[in-house]
Amino acid sequence: MRKIFLIEKDDSIRMLLEMALRSARNDPYCFAEATQFLQALQEHTPDACIIGALPQGSSGVSLLRHMRKNEKTASIPVMMLIEREDPSGEAGALASGANDCVLKPFGIMELCVRLHTMLARDDKNKSTIEMVSGPLRLRPARQEATLYSDHLRLTRKEFDLLCNLMINAGRAVPREELLHDVWGYTFIGESRTLDMHVGTLRQKLRDSAVNPKYIKTVRGVGYRFIAPVFTSEKGPSTDLPSPA
């Protein structure tokens, strides 16, 4: 059973979610106050957190930012419950590090399915398998990437994007799929978020959009990782030397 921390000030919503999570074979721990929630995080590490409405004077986004700044809680998957009437709530939550956002009012089945998807995505990232493509090596369990044995300073989204593309090496991954899997929400409307992250990722990989070694733009579809990818529990025994 997965240990899920839930914070929600509304008693009826909190009780409903607790029953739903338990029915979906999770082990929920529910809180109404931020202080109780934070204290529990110091004592236990849940598999995921769900942050809903907080009492007046507290902010779900502020609580999330606090978690992301703390080494112990920085990598815990977090789902935010956002008021549909709040036009900037979803964008603010995602920018602060939320793995997924669900707009209120929501269906219980939808929330449970999206929680399961978020946990499955986190499990994949914690896999012991290493992915290697020539001088490029990706270690999902460590959130670590190296190129010619040089550590790549990737943001969390850049790392998740690269991981997703390498897992799907050879396949043109649609933009909508990348946005959903990496940012944790269904893409609606115009955005250059994905393109900007691909651009910075290419720079760090010493790649080129015109003559790519790794990431190719597939017009009208999305992006494809074009280099062969080798996967292993251990990976190659030696790193390649950095080019002169």
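This is a predicted model: local features need pLDDT of at least 70, side-chain atom pairs count only at pLDDT 80 or more; totals for chains, interfaces and linings use all residues.
1. Strands S10 and S12 (residues 222–225) pair over 2 bridges, in the antiparallel sense.

2. Zooming out, that pair belongs to an open sheet of 3 strands, in the order S10-S12-S11, with antiparallel pairing. The edges are taken by S10 (173–174) and S11, each pairing on one side only. As background, strands of a sheet pair through backbone hydrogen bonds, either parallel or antiparallel.

3. Now for the helix to look at alongside the sheet. Helix H6 (residues 156–167) lies across S10, S11 and S12, and runs at about 70° to S12.

4. Next, have a look at the loop between helix H8 (193–204) and strand S11 (215–218), where you'll find Asp-207. Is Asp-207 buried or exposed? Asp-207 is buried, yet has no salt bridge. The nearest side chain of opposite charge is that of Arg-202, 4.8 Å away, and a salt bridge would need the atoms within 4 Å.

5. So what does lie by the side chain of Asp-207? One of its polar atoms is 2.6 Å from the backbone nitrogen of Lys-213. The backbone nitrogen of Ile-215 also lies 2.9 Å from a polar atom of the Asp-207 side chain.

6. To round out the surroundings, leave aside residues up to four places away in sequence: Asp-207 then touches Arg-202, Pro-212, Lys-213, Tyr-214 and Ile-215. Arg-202, then, is a contact of Asp-207 without being a salt-bridge partner.

Technical notes. Residues are numbered from 1 along each chain as its sequence is written. Side-chain values use heavy atoms; hydrogens and water are left out. Helices (H or I, at least four residues) and strands (E, at least two) are DSSP runs, numbered from the N terminus. Buried means under 20% relative accessible area, exposed over 50%, partly exposed in between (1.4 Å probe, protein chains only). Lys and Arg count as positive and Asp and Glu as negative; His and the chain ends are not counted. A polar contact is a pair of N or O atoms within 3.5 Å; within protein, one must be able to donate a hydrogen and the other to accept it, and residues adjacent in sequence count only if both atoms are side-chain atoms. Contact means heavy atoms within 4.5 Å. Two strands pair if DSSP finds at least two bridges between them. Axes are lines fitted to C-alpha atoms, for helices over the stretch in contact, and angles run from 0 to 180 degrees between N-to-C directions.
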